[in-house]
Amino acid sequence: MIVGNRKEFQEIVGMLGSNRRVLLLGCNECVTVCGVGGEKEVGVLASELRIHWKTAGETFEVKEHTLERQCDYEYIDQVRGFVGDYDVILSMACGAGVQYVAEAYKTKLVMPAVNTTFLGVTLEQGVWSERCQGCGACILDMTGGVCPIARCAKSLMNGPCGGSSGGKCEVDKEVDCGWQLIIDRLTELGQLDRYEDIIPVKDWRSSREAGPRKRIREDLRL
Amino acid sequence: MRLSYPSNVKVVKVPCTGRVDILLILHAFENGVDGVYLAGCLEGECHFLKGNLRAKKRVQYVKGLLEEVGIGGERVEMFNMSASQGQRFAQCAQEMTERVRSLGPSPVKGGSKK
């Protein structure tokens with residue numbers, strides 16, 4: 001899932017500027033699961049904004065609305081009937097959702113209430129951890145199911161580096177060394193001999209280095 | 001015991017403090033209350049095991065939200081007491097009332113920032 005953090009309240013207020021009629025759009029997908037931009041968080045931010053402007057003695061209107069997804073046009077289109085009643089759309093989706101809403105409503109200001117951070121997993125209720133950087137060329141078969149791109153601070157293809165100590169990374173003693181995890185996992189799998197294989201230099205063209213990516217599956221197109 | 005507590009305290013009954021959602025507290029402030037406190041069971045004594053511990057965390061979270069919006073985290077608090085501690089219930093009501101009185105009316109009501 002895509003994981004994010006809500007922006008600081010004062011940053012959001014500053015972003016909104018003099019706009020006093022706000023359509024606050026949540027998303028029912030990843031940002032709901034990671035507790036940052038679903039219906040509940042829309043309610044909390046809307047309440048905070050109302051308290052802020054009531055305290056300031058100024059009129060303010062916020063409409064709370066949570067879409068099934070903000071990365072599919074069909075759902076974004078559901079607010080077309082009333083989007084014109086508001087000065088600005090404040091989206092609590094990931095960066096993809098914010099941009100797609102902006103593309104759908106070209107004459108409307110669209111602002112992000114969330115900082116999108118990583119592709120990750122739920123370690124436990126309330127705790128999320130990064131697992132993937134979407135490099136576009138998965139090598140998890142070679143590394144015991146542990147990604148060196150996402151989980152090694154240096155994204156080393158052949159590690160660990162000298163900064164690995166006691167299974168932890170030098171950047172933060174709370175962070176596991178990605179390559180230690182790989183070695184441990186290969187050991188458990190009885191595949192430690194694979195650690196001897198040199199993983200070739202990665203072709204980063206499948207990642208962001210070749211610009212924005214697009215995927216087309218002709219058989220699915222209408 | 002016939003104990004009395006300040007008449008400004010309005011009791012909202014919930015089955016467990018674990019029922020108290022962040023939004024319930026925020027909506028109370030939106031509607032102009034000066035302070036909110038939760039009277040939960042003693043830690044470790046929750047009938048539902050962790051209801052009061054969850055409420056404690058939520059109160060801490062709401063404190064942060066109230067700080068963010070500028071009305072102050074001291075206006076919300078969590079107290080723990082058993083059903084037989086009527087004396088403590090009255091004491092907590094008194095303590096919170098005094099705290100909120102010293103903070104003054106909620107700025108939400110008056111638009112004091114303007």
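Predicted model: local features only at pLDDT ≥ 70, side-chain atom pairs only at ≥ 80, totals over all residues.
1. **The interface as a whole.** The size of an interface is often given as the accessible area lost when the parts come together. For chain A and chain B, that area is about 1500 Å², and carbon and sulfur atoms supply 59% of it. On the chain A side, A:Ile51, A:Lys54 and A:Thr55 lose the most area to chain B, together 38% of what that side buries. In residues, the contact draws 16 from chain A and 17 from chain B.

2. **Polar links across the interface.** How many salt bridges does the rule find across the interface of chain A and chain B? There are three. The rule also finds six residue pairs in polar contact across this interface, with both residues at pLDDT 80 or more. As for where the chain A side comes from, the elements that give two or more residues to it are α1 (9-16) and α3 (39-55) of chain A. Of the elements on that side, α3(A) gives the most, with ten residues. Sorted by class, the side of chain A that touches chain B has four nonpolar, six polar and six charged residues.

3. **A:Lys40 and B:Asp21.** This pair is worth a look on your screen. A:Lys40 forms a salt bridge with B:Asp21, and the closest N and O atoms are 2.7 Å apart. B:Asp21 lies in the segment before α1 (22-30) of chain B, while A:Lys40 sits in helix α3 of chain A, so the pair joins two chains. Are the two partners buried or partly exposed? B:Asp21 has a relative accessible area of 18% and is buried, because buried means under 20%. A:Lys40, with a relative accessible area of 35%, is partly exposed.

4. **A network of salt bridges.** Please also have a look at a group of three residues. A:Arg6, A:Glu48 and B:Glu68 are linked in a network of salt bridges. Over all chains, the count by this rule comes to 20 salt bridges.

5. **A:Lys7 and its surroundings.** A:Lys7 lies in the loop between β1 (2-6) and α1 of chain A. With a relative accessible area of 11%, A:Lys7 is buried. Which residue does A:Lys7 pair with in a salt bridge? The partner is A:Glu11, with the closest N and O atoms 3.0 Å apart. A:Glu11 itself counts as partly exposed, at 38% relative accessibility. The side chain of A:Lys7 also meets the side chain of A:Asn115 in a polar contact of 2.7 Å. Not counting residues up to four places away in sequence, A:Lys7 touches A:Ile12, A:Met15, A:Pro112, A:Ala113, A:Val114 and A:Asn115.

6. **A:Arg20 and A:Glu58.** Side chains of opposite charge can pair when their charged atoms come close. Within chain A, the side chains of A:Arg20 and A:Glu58 meet in a salt bridge, at 3.0 Å from N to O. This pair links distant parts of the chain, 38 residues apart: A:Arg20 is in the loop between α1 and β2 (21-27) of chain A, and A:Glu58 is in the loop between α3 and β3 (61-67) of chain A. A:Glu58 counts as partly exposed, at 32% relative accessibility.

7. **B:Asn80.** Over in chain B, B:Asn80 lies in strand β2 (residues 76-80). B:Asn80 counts as buried, because its relative accessibility is 16%. What does the side chain of B:Asn80 reach at 2.7 Å? It is the backbone oxygen of B:Cys41. Leaving out residues up to four places away in sequence, B:Asn80 touches B:Gly40, B:Cys41, B:Leu42, B:Glu43, B:Asn52 and B:Arg88.

8. **Domains of chain A.** One last point, on the overall layout. Chain A is divided into domain 1 (2-118) and domain 2 (133-205). The C-alpha centres of these two domains of chain A lie 37 Å apart.

Methods. Residues numbered from 1 in each chain as written. Chains lettered and ligands numbered in written order. Heavy atoms only, no water. Contact = heavy atoms within 4.5 Å. Buried area = accessible area lost by both parts, 1.4 Å probe. Salt bridge = Lys/Arg side-chain N within 4 Å of Asp/Glu carboxyl O. Polar contact = N/O pair within 3.5 Å; in protein donor to acceptor, adjacent residues only side chain to side chain. Helix = DSSP H or I, 4+ residues; strand = E, 2+ residues; numbered from the N terminus. Nonpolar A, V, L, I, M, F, W, Y, C, P; charged D, E, K, R; others polar. Domains from an automatic or database assignment. Buried < 20%, exposed > 50% of the residue type's maximum accessible area, 1.4 Å probe, protein only.
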